Amino acid sequence: MNDRVVTREIHGQVLVLTADFPPVNALGHPVRAGLLAAVEDAANDDAVDAVVLICAGRTFFAGADISEFGKPRAEPTLSRVCAAIEACPKPVVAAMHGTALGGGLEIALACHYRIAVPSARFGLPEVKIGLLPGAGGTQRLPRLIGVATAIELIVSAEQIGENRAASIGLIDRTADEGKLLQGAIDLASEKAYVRPIPRICERANPTDGGAIERFVAANGRKIRGLDAPNAALRAVRAATELEFGDGLLLERRLFTELEAGEQSGALRYFFNAERGAGRVDDLAQGAAALPVRKIGIVGAGTMGAGIATAFLSSGFPVVLYELNRDALDRGLQVVRGNLSRAAASSRLGEHETEAALAAVTPVLEPEALGDCDVVIEAAFELMEIKRKIFGMLDRVAKPEAILATNTSYLDIDEIAAATTRPARVMGLHFFSPAHIMKLLEVVRGARTSSSALLTAMALAKRIGKTAVIAGNGYGFIGNRILARRRTEALNLLMEGAFPDQIDAAHVAFGMPMGPFQMSDLAGVDIGWHRDPSRIESLRDALCAAGRFGQKAGKGFYDYDDHRTGSPSREAQAIIRDYAMALGRPQRAISEEEILERTLYPMVDEGARIVAEGIARKTSDVDVVWVRGFGWPIYRGGPMYWADHVGLKKIVSRLRHYGLDVAPSLEARAESGRSLLDPAASG
Ligand code: 3HC
């Protein structure tokens with residue numbers, strides 16, 4: 001088996017080792033065993049003077065095999081394979097294409113020379129799954145490229161391209177696209193007799209020069225409370241202070257601690273959950289994604305412009321339609337602003353930004369949408385308006401085009417009924433800001449075809465979104481849970497809690513903002529009836545006082561010119577008056593109660609959504625809340641978190657507060673099953 005995973009072929013005196021372990025050449029046991037045997041044999045084979053290590057398929061090794069984490073690892077370990085490669089008495093060349101990630105890049109660092117094609121990408125994504133580079137990466141990388149750049153790569157976990165890799169000295173040479181093997185054999189032949197063989201482990205300790213302190217000063221807030229980046233910093237510091245071997249031992253110890261920790265467990269769970277959301281093989285047999293070349297967008301408001309930006313940034317031509325010139329111009333301004341911010345933060349290159357700007361066609365006639373493959377409506381959130389637009393789109397769009405609505409709450413079937421093609425109508429619900437947030441809810445109407453769904457899933461991947469299929473029910477997955485949280489948060493306000501107290505509890509839990517900060521950002525007046533004399537809810541009372549949120553400079557908070565919020569006496573007086581009017585007694589409320597009363601109902605709502613089939617699997621709820629609302633990823637998502645809190649506790653606390661408990665949640669709590677137990681349904 002290992003011989004088939006790592007094949008050997010001699011080219012003159014150069015032995016080429018080719019690893020082939022689909023889909024991404026993860027460094028699972030057969031790969032490690034095959035590599036070690038091949039390298040040890042090469043060391044003892046007189047016919048071999050140099051070795052090339054290359055991968056078949058779409059990529060160089062994409063890292064350790066994530067499915068092996070949390071279990072005892074079979075020998076040889078990746079560290080042992082790296083040590084054997086580095087110690088090889090003959091030069092070893094790493095030949096990289098695709099994505100050389102994590103343990104894959106660490107293998108390359110153990111090799112003596114590195115060559116790559118221009119399209120190759122490099123990175124150490126371990127901290128994203130709560131780990132650190134554990135096969136020598138924290139010790140070899142700073143010795144090769146310096147402490148400051150090594151920290152940036154390890155802690156940011158972002159990928160870099162070949163250009164940057166060459167400029168920081170991570171690779172020695174670039175091969176032409178399609179000529180990697182020959183380039184690597186040439187490099188190996190050239191270096192076959194060059195001595196000493198350059199081994200990173202033999203380099204002196206790199207000097208820190210204050211790089212770690214500078215990094216912490218600039219990024220301390222981002223990594224506060226996160227185990228992996230902090231452990232990674234300790235390991236890199238060790239590279240500056242300890243002998244190579246001692247540094248490796250520390251790295252190993254830290255890695256083992258992280259692997260056993262809660263955060264890494266949650267992050268690894270989420271890695272699989274996110275990929276699981278995209279697995280839709282159970283959809284109708286024989287259905288296939290349709291080709292999509294051109295996108296139409298109806299409505300150039302904030303959402304429409306954000307959606308346009310998302311497609312333009314990924315190289316799609318976009319036709320942007322509005323009713324009047326002013327609205328269209330404003331929308332285009334927003335698109336330009338979005339794209340230039342993407343360019344400023346290097347998310348887009350100069351060339352890509354220009355190409356993106358040139359690819360938008362602003363139009364005032366709907367007929368111009370006629371040759372779009374997918375048209376996304378992002379207009380006002382009113383059923384009559386949506387139905388009118390869909391009737392119009394049905395007439396102007398080509399018959400095979402997919403028509404999608406970005407509605408947050410409305411009934412997809414009712415919208416689809418305004419067309420003659422309900423099989424090609426669906427929801428594509430983006431989250432604000434649409435060009436930044438990774439989540440896309442793909443909402444399936446009663447008659448939406450499998451091929452339309454598959455098209456949407458494939459399209460989402462092309463624009464870098466994580467798509468989750470949701471059923472057609474009020475608020476779909478994300479907003480329905482959000483609404484439940486809002487209800488409970490408002491109840492707490494009525495009983496004596498303050499907005500900033502509730503928000504602070506959520507931020508301390510790890511959310512980017514609390515429910516009332518979110519409400520102020522989105523606009524307190526969303527859905528308001530606009531009659532200041534009619535006060536039937538707290539929202540009505542706030543809106544009657546002009547407290548519409550950030551845009552008005554006041555909402556649940558008061559805002560300064562920089563939109564920084566501070567607790568508002570006026571808002572608090574309005575809240576208290578309204579509570580008095582309802583006759584609600586006031587009391588002091590603890591942080592624990594705030595969290596239990598807002599987060600446990602979210603779990604309860606998630607369980608209902610799964611039981612009703614609105615979410616296809618429990619983990620999809622987690623993907624929605626992490627990618628759409630910023631639930632702290634190191635807590636896995638509300639459902640994963642609930643299993644760790646304990647369902648019995650959650651049910652008993654919900655009852656204690658007099659809140660509803662979903663039958664499916666109760667059943668699982670009683671039988672001791674977890675929410676994520678796939679074997680059990682109901
Ligand atoms: N281990 C096991 N399986 C992996 C994997 C890995 N490291 N990386 C990807 N896969 C699997 C995915 O689960 C998926 O499986 P599926 O087809 O059954 O759903 C399949 O490979 C394809 O993955 P994607 O859908 O993500 O494919 P993309 O082409 O979009 O992306 C990728 C490819 C860039 C390689 C991306 O999968 C990725 O980022 N993988 C994770 C890489 C990573 O984190 N590596 C570090 C591992 S930790 C480590 O190396 C520790 C070391 O320091 C000791």
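Guide: A cavity is a set of points, on a 1 Å grid over the protein atoms alone, where a 1.4 Å probe fits but cannot get out. Its volume is the space filled by probe spheres set on the points, which are joined across faces, edges and corners. By that rule, the largest cavity in this predicted model has a volume of about 30 Å³.

Visitor: How many cavities of 30 Å³ or more are there?

Guide: The count is one. A word on the ground rules. This is a predicted model, so local features need pLDDT of at least 70 and side-chain atom pairs pLDDT 80 or more, while totals for chains, interfaces and linings use all residues. Residues are numbered from 1 along each chain as its sequence is written, and side-chain values use heavy atoms, without hydrogens or water.

Visitor: What makes a residue part of the lining, and which residues qualify here?

Guide: A lining residue has an atom within 4 Å of a grid point. For the largest cavity, these are Phe-311, Leu-428, Phe-430, Leu-440, Ala-456, Leu-459, Ala-460 and Ile-463. Helix α18 gives the largest share, three residues. Helices (H or I, at least four residues) and strands (E, at least two) are DSSP runs, numbered from the N terminus.

Visitor: What makes Arg-480 and Glu-605 a salt bridge?

Guide: The term requires a side-chain nitrogen of Lys or Arg within 4 Å of a carboxyl oxygen of Asp or Glu. Here the N to O distance is 2.7 Å, and the pair meets the rule. Arg-480 lies in helix α19 (residues 478-495) and Glu-605 in helix α24 (residues 591-611), so the pair ties together parts 125 residues apart in sequence. Both residues also belong to a salt-bridge network, with Arg-484, Glu-488, Asp-604, Arg-608 and Glu-612. The structure holds 34 salt bridges.

Visitor: How do you class Arg-534 and Glu-536 by accessibility?

Guide: Arg-534 has 38% and is partly exposed. Glu-536 has 52% and is exposed. Their closest N and O atoms are 3.3 Å apart, which also makes a salt bridge.

Visitor: What do Arg-655 and Glu-666 tie together?

Guide: Their side chains meet at 2.4 Å, N to O, in a salt bridge. Arg-655 is in helix α27 (residues 647-656) and Glu-666 in helix α28 (residues 663-671), so the linked parts are eleven residues apart in sequence. Arg-655, at 42%, is partly exposed. Glu-666, at 24%, is partly exposed too.

Visitor: How do you know that the span of α24 agrees with expectation?

Guide: The expected span is 1.5 Å times one less than the number of residues. For the 21 residues of α24 that gives 30 Å, and the end C-alpha atoms are 30 Å apart. Of those 21 residues, 16 are buried, so α24 is mostly covered. Gly-613 follows, with a positive phi near 80°.

Visitor: Why is α25 called largely enclosed?

Guide: Eleven of its twelve residues are buried, so the rest of the structure largely encloses α25. Among them are Trp-625, Val-626 and Phe-629. This helix (residues 618-629) should span 16 Å, and its end C-alpha atoms are 17 Å apart, which agrees. Just after α25, Gly-630 has a positive phi of about 75°.

Visitor: What makes a set of residues a nonpolar core, and how many residues has the largest?

Guide: Its members are buried Ala, Val, Leu, Ile, Met, Phe, Trp, Tyr and Cys residues joined through side-chain atoms within 4.5 Å. The largest core has 93 residues, and Val-52, Phe-61, Ile-107, Phe-122 and Leu-170 have the most contacts inside it. Helix α10 (residues 227-241) gives the most to this core, seven residues. A second, separate core has 73 residues, including Val-468, Met-494, Val-626 and Ile-650.

Key:
Buried < 20%, exposed > 50% of the residue type's maximum accessible area, 1.4 Å probe, protein only. 1 Å grid on protein atoms, 1.4 Å probe; cavity = no way out; pocket = protein on both sides within 12 Å on 5 of 7 lines; lining within 4 Å.
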